[in-house]
Every structure is written in structure tokens, then in C-alpha cells.
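Q: I would like to go through this model with you, one feature at a time. Could we start once it is on the screen?

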Amino acid sequence: MFFLILNGVGIPGNSIILGVFTHIAFTERKLLPADVLVAHLSFVNLFLILTQGIPQTFSAFAYKDLYNTPFCQFLTFTSRVTRALSISLTFLLSIYQCITIAAASSRLSYLKPKLSECLWHLLVFFWLLDGSTTYASILYGSQIQNVTIQQFTINLGYCLVQFPSRAAYVNNGIMYLTRDLLFVILMAAASIYILVILYQHRKRVQGIHSRERLHGTSAEIRAAKTVVTLVTLFVIFFGVDNMIWVYTLTDSYVPRLLNDVRVLSSSMYAAVCPVIVIISNRKVKRHLQCRKPEKQVSISEVTASSTS
């Protein structure tokens with residue numbers, strides 16, 4: 001039931017955000033760097049739910065043996081790449097917002113135009129980085145077989161990832177853990193910096209009773225609060241995921257239920273993230289609001305008013 005709820009929230013939520021920014025890109029011919037990152041994050045989260053949440057839901061309802069080995073390799077590889085990209089893009093979004101909200105005299109403000117110019121290069125870099133560090137899914141992924149599960153095997157319920165040795169199992173886990181922890185630490189540092197800037201701004205405004213603002217607009221401050229919220233949720237959900245992952249490295253047999261909880265915690269961020277964006281992003285909210293059609297004036301009415 002949890003997976004059904006996550007799929008029911010995450011798929012339409014991410015699709016709505018992706019559709020809104022696609023519409024903006026075609027109509028306004030311009031997307032801000034933050035918009036590109038949010039749209040990219042929604043695209044990644046959508047594919048994470050499609051390749052992890054839906055197969056896990058079928059597995060929870062005892063629909064097994066649906067996929068052969070090549071398709072299992074595709075599912076596990078895609079879900080792990082999109083999970084890693086969700087981490088990378090949240091990190092990049094927090095860094096960008098950290099630079100945006102910095103004061104004009106800060107050294108970080110000089111990085112804003114450079115980051116905007118290098119944004120697509122950074123996105124390509126993270127795609128290559130996360131794709132190259134998830135090779136185990138292609139090498140060791142396989143379909144579920146009616147045999148006893150061997151040691152050092154991750155049972156996803158719908159597919160298996162069978163490592164040939166303990167060394168390959170542990171080394172792969174340590175690589176994932178190191179990559180995730182590095183991004184989490186940097187995201188936490190960026191969020192703390194944003195909170196310090198917001199606190200200083202609030203204290204300054206309250207102290208001098210003026211409308212002095214940071215280098216940026218109130219929209220940037222609101223976006224910074226949204227990023228801090230996303231990072232907080234990310235640390236909570238992926239923290240549970242990584243803690244379970246650390247435990248699995250100490251045991252050659254990983255219980256199926258433990259893997260379900262780990263997958264559920266990582267999928268929750270992909271489902272909750274679009275809800276936070278829709279609630280807090282004014283650009284998305286504005287495009288989702290129903291507008292009243294403007295009253296059309298006929299030619300006869302215009303002629304009558306002019307003659308009178």
C-alpha cells in the first residue's frame with residue numbers, strides 16, 4: 001500500500017512539474033538555471049519511480065518472475081543511476097541556491113555567472129559519473145530463479161543482484177556509500193550556510209526596521225528555504241537508506257524485508273519532492289491556476305461605442 005501511494009503521488013507530481021517547465025521552455029524560450037535543475041530533478045525522480053517503485057509494487061503483490069535477465073539489468077541499472085542522479089542534482093541545486101543568495105560582496109557571488117555557463121557541462125558530468133559507478137547492476141543483475149539464493153546477493157523481490165565474491169560485494173557497497181556521504185556532507189554544509197545567511201538577514205531587518213534585502217529578491221529567499229526543506233527531507237530519507245545499506249554490508253544474506261524498507265525510504269524522496277516544489281514554486285503554481293477567459297468584444301459593440 002505504501003508503494004501504491006508513492007506511485008500515485010510521485011508519478012503525476014513529477015509529470016506535472018516536467019510538463020510545466022517544458023511548456024515554459026517552448027513558450028517563453030528561456031529557463032533559469034534553477035528551473036533547469038528542478039525540471040531535471042523531476043525527470044530523474046519520475047524514472048526512479050517507474051523503474052523502482054512500480055516493479056517493487058508488483059513484487060509486493062506477489063507478481064514475480066515477470067522480467068528476464070536483460071530487463072532486470074536495465075531496471076536495476078536505471079533505478080540506481082536515477083537514484084544517484086537524484087542525490088547529485090539535489091546537491092547541485094543546493095550549491096546553486098547557496099551562490100544565488102550570497103551577498104554581493106561575497107566571493108561566492110562571482111561564481112553565479114560561471115555556474116550558469118557551465119550548468120549543462122555539470123549535468124553531463126554527473127550523468128557520466130553516476131552511470132560509471134553503477135556498473136554492478138549490469139554485470140551482476142539477473143532474473144529471479146527457483147533456486148536457493150546464494151551468498152552476497154541483493155534480493156530486490158523482482159530481480160537479483162548476485163555478486164561473485166565478498167570482496168566485490170563490499171567494495172561495491174563502500175563505493176556507493178562514499179559517493180553518497182560526500183554529497184550529503186556538502187549539501188548539509190550548503191544548507192547550514194543558507195540558514196546562516198537567512199538568519200543574519202532577518203536579524204538585520206528586525207534590528208534596523210528597514211526593508212534592506214539580501215543581494216537578490218524575495219523569490220530567491222523563498223527558493224532558498226525550499227532548497228533547505230528538500231535537503232532536510234533528503235538527509236532523512238536517504239539517511240535511512242544508507243544506514244540499512246551499511247548493515248547489509250556486514251551480512252552475506254540480506255533479508256527481503258530489509259531491502260523493501262531501504263527501497264521505500266529512497267522512493268519517498270522522489271514522491272515527496274514534487275509536492276514540495278508544487279507548493280512552494282510560484283512559477284509552477286501560476287501555470288497550474290485556472291484562469292478566467294477574457295471577455296471578447298465583438299466588432300458591432302466597438303462600432304456602437306465609437307458612434308455614441
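Q: Which helix does Leu 4 lie in?
A: In this predicted model, Leu 4 belongs to helix α1, which spans residues 2-27.

Q: Which residues form a nonpolar patch with Leu 4 on the surface?
A: The patch consists of Leu 4 together with Met 1, Phe 58, Phe 61, Tyr 63 and Leu 66. Their accessible area together is about 650 Å².

Q: Changing topic, what is the order of the strands in the open sheet?
A: The three strands run in the order β1-β3-β2, and the pairing is antiparallel. β1 (141-142) and β2 (153-155) stand at the edges with a single partner strand each, so one side of each has no neighbour in the sheet.

Q: How many bridges pair β2 and β3?
A: Three bridges join β2 and strand β3 (residues 160-162), in the antiparallel sense.

Q: Which residue in β3 stands opposite Asn 155?
A: That is Leu 160.

Q: Now to Leu 257: where is its place?
A: Leu 257 is found in helix α9, residues 256-280. Leu 257 counts as exposed because its relative accessibility is 62%, and the limit for exposed is over 50%.

Q: How many residues apart in sequence are Leu 257 and Leu 156?
A: They are 101 residues apart in sequence, while the C-alpha to C-alpha separation in space is 9.4 Å.

Technical notes:
Residues are numbered from 1 along each chain as its sequence is written. This is a predicted model: local features need pLDDT of at least 70, side-chain atom pairs count only at pLDDT 80 or more; totals for chains, interfaces and linings use all residues. Side-chain values use heavy atoms; hydrogens and water are left out. Patches are made of residues with over 30% relative accessible area and no salt bridge: like charges are joined within 9 Å, nonpolar side chains (Val, Leu, Ile, Met, Phe, Trp, Tyr) within 5 Å. Accessible areas come from the Shrake-Rupley method with a 1.4 Å probe; for residues, only the protein chains shown count as cover. A salt bridge is a side-chain nitrogen of Lys or Arg within 4 Å of a carboxyl oxygen of Asp or Glu. Helices (H or I, at least four residues) and strands (E, at least two) are DSSP runs, numbered from the N terminus. Two strands pair if DSSP finds at least two bridges between them. Buried means under 20% relative accessible area, exposed over 50%, partly exposed in between (1.4 Å probe, protein chains only).
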